[in-house]
Amino acid sequence: MNQQSAVTLILLLPLFAAFSILVLKRFVGDFVCKTISVASAFICFVTSCILLGAEPVTGTILTFIDVPGLSADIGFILDQQSAGMMFIVTFIGLLVHVYSLGYMSEDESQSRFFGSLSMFMFSMTGIVLADNLLMMFVFWELVGLSSYLLIGHWFEKPSAAEAAKKAFLTNRIGDFGFMIGILTLFAASNGEISFAALKESLSAGSTSGPLHDAPAWVMTLAALGLFMGAVGKSAQVPLHVWLPDAMEGPTPVSALIHAATMVAAGVYMLVRVSFILVESELAMQIIAGIGGFTALFAALMAVQQNDIKRILAYSTLSQLGYMVMAVGLGAGEAGMFHLYTHAFFKALLFLGAGAVIYACHHEQDIWKMGGLRKQTPATFLTFAIGTLALMGLPGMSGFFSKEEILGAAHHECSWLFWSSAFTALLTSFYMTRCVVVAFFGKARTEHASHAHEAPMIMVAPLLLLSIFAIFSGYGFFSGRLQAMVPHADHGEGHTFVMAVSIAAVVIGAGLGFFLYNGKDKDPLNIKLFANKFYIDEIYAFIVKVFQDGLAWLVTGLESIFVDGLVARLPAAIACRVGKTARAMQSGQLQGYTFALGLGLLLAIYLVSQVLPRH
Amino acid sequence: MSLLEIIILIPLLAAALIGAGLPAKLISRGAALLNLVVLLVVLSQHAAGVNLAHSVRILDNPSISFAVGADGLSLTLALLTCLVLLAAVWQIIDKPAIYHVASLLIAGGALGAFLSTDLFFIYGFHELALIPTLLMIAVHGHGDATNRRAIAWKITVYLGAGSLVLLAGLAALVLNFSGSNGLTFDLNALMETAKTAPLAADTQAWLFFVLLVGFGTLVSLFPFHSWAAPAYAAAPTPVAMLHSGVLKKFGLYGLIKIALPLLPLGAKAEWVQQALLIMLVGNIIVIGLVTIHQNRLDTMLGNSSVMHMGYIFLGIAAGSPVALNGAVLLMFAHGISIALAFALCGKMRNQLGTLEFSKLGGLAANAPFLTVMFAFATFSSIGLPGLANFAGEVMVFVGAFNLNLNAGLKPIHWATILALWGVVISAVYMLRAYRSLFFGKAAEGHFISDPVGSQRLPLLLLTAVLLVVGCRPTLITDLLTFAAK
Amino acid sequence: MITLNHYLLVAGVLFAIGLAGVVARRNILTIFMCLEMMLSAANLTLVAFTRFHTPVGVPDYSAQSLVFFTITVAAAEVAVGLAIIVALFRARQSVSVESVTKLQG
């Protein structure tokens with residue numbers, strides 16, 4: 001089949017699956033729904049593999065808006081970047097589908113879960129394939145919806161319902177900025193929204209390039225607007241607060257959405273529009289700064305977390321910071337490379353965490369685990385491989401991608417380089433802490449001592465992912481992937497960067513091992529990190545004052561002034577006038593007589609004095 | 001006898017039949033279905049290019065005729081009316097026949113207003129549709145008797161005052177644009193004269209402002225909005241669905257169909273634009289904040305309905321073809337989604353007795369169908385792509401922002417940015433409502449069960465329309481013919 | 001010398017007293033008597049004009065003859081008025097004007 005229909009299939013099959021599950025859920029059982037979903041994931045994966053080496057092509061699937069002045073299609077671009085991302089999304093998606101068959105086997109609402117997973121696959125595919133900003137925005141929001149459905153899967157839990165709402169709202173704030181960016185570009189380029197047309201409008205050689213002549217502040221506004229969308233979706237500071245809470249969702253969801261794909265969409269989008277971002281020096285600096293800061297900030301918070309999923313969540317935040325920083329430093333390809341490798345080992349870590357949680361009977365606190373190295377060897381092995389990849393041990397995939405980014409930082413901005421190096425040290429430290437506390441030593445609770453290995457359907461994806469975690473950084477293995485990742489230039493100082501990064505890994509791991517081996521409770525007690533720098537409390541306060549308080553104030557003012565002035569004041573005046581007029585109808589004869597007399601005098605005066613003069 | 005006249009007369013005739021004593025449920029559902037079918041026939045004829053205009057002369061001097069004519073805008077809103085009417089009458093169960101009569105009269109009046117091309121009848125039909133609304137709120141509204149009488153009085157006087165201002169504006173239009181053959185109320189004739197002999201820009205600006213205030217009061221434009229929220233909270237469900245979904249759009253329809261073509265310079269005048277921008281930002285931000293403060297579902301939905309009008313006014317303020325297309329699409333989409341929301345609200349009120357967020361919770365456990373339906377209403381209202389409101393909102397924003405940026409950000413740009421923040425505000429209150437009502441732990445003693453059998457149909461109908469138009473907005477925008485100037 | 005002005009002054013004072021009485025008294029019968037006083041004042045004015053405005057020669061009696069009409073009308077009015085007052089008294093058991101306020105708005 002030709003590429004157009006292949007792409008249409010990848011995009012629409014999961015939607016069809018989700019819709020059929022929605023409609024048929026009451027009539028057929030869980031088994032049929034799960035099969036539909038997993039089958040669609042598998043078919044999409046196979047198709048995306050076929051499309052990996054294909055020629056770049058664009059096309060249109062559906063005309064969405066077609067009015068004089070705006071013409072937006074649901075189309076697609078199939079190029080290096082999107083084909084590679086497609087592979088990642090469908091591959092990890094398929095693994096998570098399979099894993100969930102085991103992990104969610106006792107859940108009551110499995111059909112709803114798999115339907116939401118299919119919905120997510122549809123939305124994410126749309127972002128990857130988007131050939132214009134509006135289509136990307138459409139699927140951006142749909143991904144937000146899927147995330148809402150999946151985080152809030154166990155909606156009877158108040159904390160899950162709150163987390164889903166928080167995720168959607170935080171993303172919405174990011175979307176606000178994203179839309180402003182899109183509108184700015186549309187206005188400045190005289191009505192273009194597709195990437196190709198915008199590139200054309202920006203290039204110096206084209207005859208009519210309104211974007212090329214646009215003032216600097218316009219490009220900065222556009223760049224920052226688009227970046228704000230990424231800040232929301234990829235959970236950068238200050239919109240990072242939803243990601244840790246999103247761990248309320250089932251672990252496969254965290255693996256798929258909050259590690260590998262959805263949060264990576266922000267980085268993917270930034271790389272797609274990097275030709276616009278580079279036009280604004282200021283925007284690039286801000287992007288790099290926020291990325292670097294997020295990386296450091298999240299790593300600090302991760303040092304004191306005790307929930308295994310939260311540790312991984314903050315680790316994701318930190319790695320996303322690296323990717324965003326890379327884009328800001330002009331090394332977008334390095335960011336994408338790290339995105340790919342991170343997708344593999346982070347998904348591995350989350351699924352491994354899921355296996356650990358499953359093994360310990362849904363216990364998530366690492367201080368209630370221990371000694372799992374012997375109880376669950378396969379999980380330990382794969383988790384360790386994932387950890388080493390994340391830390392960036394030389395030889396693992398994470399090493400190559402992280403080194404690229406550190407190299408770019410060293411090349412461009414010295415203090416970001418040192419901050420990233422320190423972050424790498426912290427990463428190494430807290431991951432070692434996690435592994436040592438959870439897997440080494442003796443079991444600390446009953447559940448931990450009776451832990452058993454997860455079923456094969458959950459372990460197989462782990463094993464598969466660990467192969468990728470090790471090897472996806474190499475040229476020969478990821479011959480296909482590497483074709484998507486143009487290798488960034490190695491400047492001089494390459495050895496220095498390598499040395500620093502290896503040192504960071506070793507020092508961090510050593511510190512971690514030294515501090516935590518054989519301990520039963522945390523020797524460090526940094527409340528600031530453990531309480532996430534109190535940002536949630538600060539935000540809650542801000543919301544309470546500036547939203548709820550403001551709403552209360554505005555309601556009161558509106559009631560007094562607007563409703564009062566426009567509605568109640570005229571009504572009161574009318575009543576007062578009415579009452580006064582009523583007083584004249586007193587019913588008393590003498591009053592009427594008196595008025596009669598006065599009127600008579602007035603009439604005589606008028607007739608005799610006023611009228612003759614005119 | 002044109003098909004359009006038949007569409008207007010079917011609901012009125014059905015109301016009369018029910019009044020005469022025939023079975024209410026059967027007649028009203030049959031009439032609504034028949035109306036929808038005839039309208040679909042009209043749509044296909046319109047697409048094929050058949051001219052459906054027809055007029056019957058009533059008076060010679062001034063020239064008033066019962067004239068009907070269809071263009072894309074009228075047909076879009078007529079389609080909205082038929083769909084909402086069908087859903088509204090279908091979901092009436094165990095209520096006196098007057099509910100059916102009132103719904104049919106409101107819909108008949110609305111259809112008359114949308115399909116007429118004579119100013120006299122446009123105005124007259126709208127007033128006809130308002131009367132049952134006011135009476136139903138007074139007699140059959142929710143809440144205790146003194147409260148609902150007070151609310152009914154407020155809305156009557158308020159909308160009466162607005163209609164009066166509107167009448168003054170329309171009279172001025174008739175006087176100025178009647179041409180040389182004596183006074184005429186025919187809209188097409190007025191437009192001809194306006195093209196050949198337009199008024200001075202200043203006069204146009206004033207006249208447009210008067211019409212804006214008149215039509216705007218009918219649409220709850222800030223600051224003339226305070227009748228809306230209490231009225232919708234107190235109104236019986238089919239009346240709320242029809243008024244907020246359909247009748248409210250009359251003012252916007254009038255602005256786009258009557259005011260903008262006859263007074264093109266008026267809308268563009270500097271001070272009119274600024275006033276309009278301030279008012280619509282007031283709708284979105286001020287009323288948005290008021291909506292956040294509400295703690296009951298019915299008042300929240302009423303205020304949110306007021307808030308969403310701000311986006312449509314932004315489209316009108318922008319005036320470009322993209323923006324107007326978006327405004328009309330948003331009118332249609334908002335009508336359907338708010339009707340769905342009020343239908344669900346009515347079902348919940350019937351079963352629960354209270355709609356306060358603090359008293360309810362965890363309703364999803366026993367009512368999966370209603371949960372899904374409410375999700376559709378919620379996400380449509382906050383502008384999720386795939387549901388109808390999104391395309392309209394995007395077109396409005398794009399049309400409004402699309403002004404040369406080289407000179408810096410103009411007021412309309414700032415207004416668009418503030419209006420964009422409205423999508424965050426609407427997400428805040430709708431999601432908070434959804435979470436408070438349906439998620440979390442079940443509240444003591446309050447639970448609902450799903451509607452059964454044919455009662456699911458009106459909700460499914462509205463949801464299906466939202467999905468279809470959401471995925472394919474061209475279905476509606478292809479009807480409209482706003483050309484670039 | 002007694003001139004026209006003196007008669008007019010007396011008539012005016014009489015009218016004013018009558019008007020004051022109509023407006024200020026509470027008893028309906030008293031109001032009626034004051035009303036009669038106002039009519040008498042008007043009659044006096046008419047007679048005075050006949051007496052003082054006759055040119056030398058033929059006297060002009062038109063004003064004087066109007067007085068007859070006024071007296072007749074006054075008598076008729078008194079008859080009807082007193083009948084109304086009697087009916088009012090039967091309804092209200094009072095001849096105070098304050099008891100007749102049913103027309104109050």
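Some ground rules. This is a predicted model, in which local features need pLDDT of at least 70 and side-chain atom pairs count only at pLDDT 80 or more, while totals for chains, interfaces and linings use all residues. Residues are numbered from 1 along each chain as its sequence is written, chains are lettered from A and ligands numbered from 1 in the order in which they are written, and side-chain values use heavy atoms, with hydrogens and water left out.

Now chain B as a whole. Chain B has 20 helices and 2 strands, which are DSSP runs numbered from the N terminus (helices: H or I, at least four residues; strands: E, at least two). Its radius of gyration is 21 Å, close to the 23 Å that the globule rule gives for 485 residues, so chain B is as compact as a globular protein of that length. That radius is taken over C-alpha atoms, and the rule is 2.2 Å times the number of residues to the power 0.38. Along the principal axes, the C-alpha atoms of chain B fill a box of roughly 70 × 60 × 45 Å.

Of the 485 residues in chain B, 67% are buried, meaning under 20% relative accessible area, with exposed over 50% and partly exposed in between (1.4 Å probe, protein chains only).

Next, the aromatic rings. The whole structure holds 48 aromatic pairs over all chains. Rings of Phe, Tyr and Trp (its six-membered ring) pair if their centres lie within 6.5 Å; planes under 30 degrees apart are stacked, over 60 edge-to-face, and the rest tilted.

One of the pairs is A:Phe91 with A:Phe468, tilted, at 4.9 Å centre to centre and 50° between the planes. A:Phe91 sits in helix H3 (residues 80–103) of chain A and A:Phe468 in helix H21 (residues 456–471), 377 residues apart. A:Phe91 counts as buried because its relative accessibility is 5%, and A:Phe468 counts as buried at 13%.

A:Phe297 and A:Phe533 make a stacked pair, 4.4 Å centre to centre with 25° between the planes. Both A:Phe297 and A:Phe533 are buried.

Last, a cluster: ring pairs link A:Tyr148, A:Phe155, A:Phe168, B:Phe374, B:Phe379, B:Tyr434, B:Phe438 and B:Phe439.
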